[in-house]
Amino acid sequence: MANAIRVRFCPSPTGNPHVGLVRTALFNWAFARHHGGTMVFRIEDTDAARDSEESYRQLLDSMRWLGLDWDEGPETGGPHAPYRQSQRMDLYKDVADKLLKGGYAYHCYCTTEELDLRREAARAAGKPSGYDGHCRDLTAEQIAAYEAEGRGAIVRFRMPDQPITFRDLVRGELTFTPDNVPDYGIVRANGAPLYTLVNPVDDALMEITHVLRGEDLLSSTPRQIALYKALIELGVAKAIPEFGHLPYVMGEGNKKLSKRDPQASLNLYRERGFLPEGLLNYLSLLGWSFSADQDVFTIPEMIEKFDITDVNANPARFDLKKAESINADHIRMLDVKAFTAACEPWLRAPHAPWAPEDFDQAAWEAIAPHAQTRLTVLSDITQNVDFLFLPAPVEDEASWQKAMKGDPVALLTTARAKLETADWTSPESLKNAVLAAGEEHGLKLGKAQAPVRVAVTGRTVGLPLFESLEILGKERTLTRIEAALAKLAAA
């Protein structure tokens with residue numbers, strides 16, 4: 001049974017991938033991996049006006065960055081190739097012809113204006129405003145008359161006149177009455193197949209056993225179930241897949257997160273330096289939980305425990321702060337070698353503000369373990385270590401004003417003298433030197449080290465100060481304190 005499970009992820013290549021799409025991909029992937037099943041990656045690119053090759057490439061690149069591999073699909077191949085709908089048009093035409101010939105579908109000649117008028121009349125009468133079946137049983141004479149007028153015709157699927165009931169893997173048993181599921185279009189008048197046809201036909205031909213998708217597609221499920229039954233009778237499909245509809249992801253203002261919301265863009269998280277494991281860990285919590293008392297886990301741990309029936313049907317709210325917190329935990333879970341490698345893109349142009357020749361690999365490797373405990377996202381590394389590689393610390397006026405209070409000249413002068421004689425192979429010795437300087441001026445360590453930190457690093461907040469001073473070195477540290485004293489004297 002487990003090996004027979006086949007799921008699919010079938011995005012359209014329109015715009016940048018968004019986190020809701022990633023959550024859907026993740027749940028399908030985890031379900032397949034948990035059961036030892038097959039993950040099919042399929043591209044729904046029949047909308048030539050909106051689809052783009054750039055978006056297609058971004059989808060593939062995003063899936064690979066996330067580590068969500070696929071068993072069948074683009075650039076991998078498989079027994080049901082091709083896996084781009086734009087390359088499967090002959091298959092859809094063949095199925096549409098079979099549906100027409102078998103009486104499961106019919107040509108509809110209604111114009112948009114006629115449909116609108118009848119919908120308005122139905123609403124005014126308090127009746128359902130879906131398609132009213134006007135062309136369902138046209139006579140040959142009526143068809144000939146419409147065609148003589150030069151009318152185009154779409155193809156509509158003929159829905160059964162009885163309720164459709166199915167068990168949703170997330171929501172339980174659901175029933176849709178015929179009034180709420182009218183006949184629907186499957187082929188445009190120009191012959192182009194619609195999503196309502198190509199999606200279930202591909203699922204049928206690719207022998208998909210479980211369809212896990214967003215709640216926004218729930219209303220299309222009864223239509224697809226009816227179509228599946230027709231496809232089974234025509235010998236095109238073998239069985240109706242099981243359906244599971246994932247909860248909405250809500251954004252700001254408790255509104256459904258959409259592609260237009262800035263926080264929805266996957267690229268945003270890549271650019272900020274989220275780890276794939278951290279982002280996937282958080283997205284898995286949007287509708288599912290590992291356990292009542294554990295939010296942070298590895299992807300292999302998720303695979304081991306994931307069950308689609310454990311997904312909560314209630315909407316899930318996207319919480320950026322929690323996503324960042326979980327990502328920070330995953331950064332700390334890396335070994336130091338993996339952490340230093342993961343940070344590399346943010347230590348080079350265009351992210352790094354220092355000249356390439358000023359980058360010191362040994363200094364970076366020395367500071368990395370201290371930086372790893374402080375980062376929320378990898379891009380934070382740049383400003384945390386820039387004091388090591390810039391000729392002079394950054395000028396942050398707010399930090400300067402905050403730290404240089406009281407008598408900073410006296411404090412820095414004393415601190416410089418004590419650091420001059422300290423043991424520069426021992427952060428503890430450097431700490432004691434600043435502590436002693438503070439005591440001479442009636443300051444505790446926190447107040448004493450603030451002017452030193454800003455003089456040396458440019459900022460009031462940063463990595464552990466005394467380890468940073470040791471790595472920066474005696475000469476550069478003392479030179480920067482002297483530069484700060486000169487600035488204070490000139491003020």
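I began with Q263, which counts as buried because its relative accessible area is 15% (buried means under 20%, exposed over 50% and partly exposed in between, with a 1.4 Å probe and protein chains only). I placed Q263 in the loop between β10 (249–250) and α8 (266–272), where helices (H or I, at least four residues) and strands (E, at least two) are DSSP runs numbered from the N terminus. Leaving out residues up to four places away in sequence, Q263 touches V19, G251, E252, L257, L268, Y269 and F318, contact meaning heavy atoms within 4.5 Å.

I noted that this is a predicted model, in which local features need pLDDT of at least 70, side-chain atom pairs count only at pLDDT 80 or more, and totals for chains, interfaces and linings use all residues. Residues are numbered from 1 along each chain as its sequence is written, and side-chain values use heavy atoms, with hydrogens and water left out.

Next I looked up aromatic pairs, and the search of the whole structure gave 17 (ring centres of Phe, Tyr and Trp, the last by its six-membered ring, within 6.5 Å; planes under 30 degrees apart are stacked, over 60 edge-to-face, the rest tilted). The rings of F9 and F41 have centres 5.7 Å apart and planes at 20°, so I recorded this pair as stacked. F9 lies in strand β1 (residues 6–9) and F41 in strand β2 (residues 38–41), 32 residues apart, and both F9 and F41 are buried.
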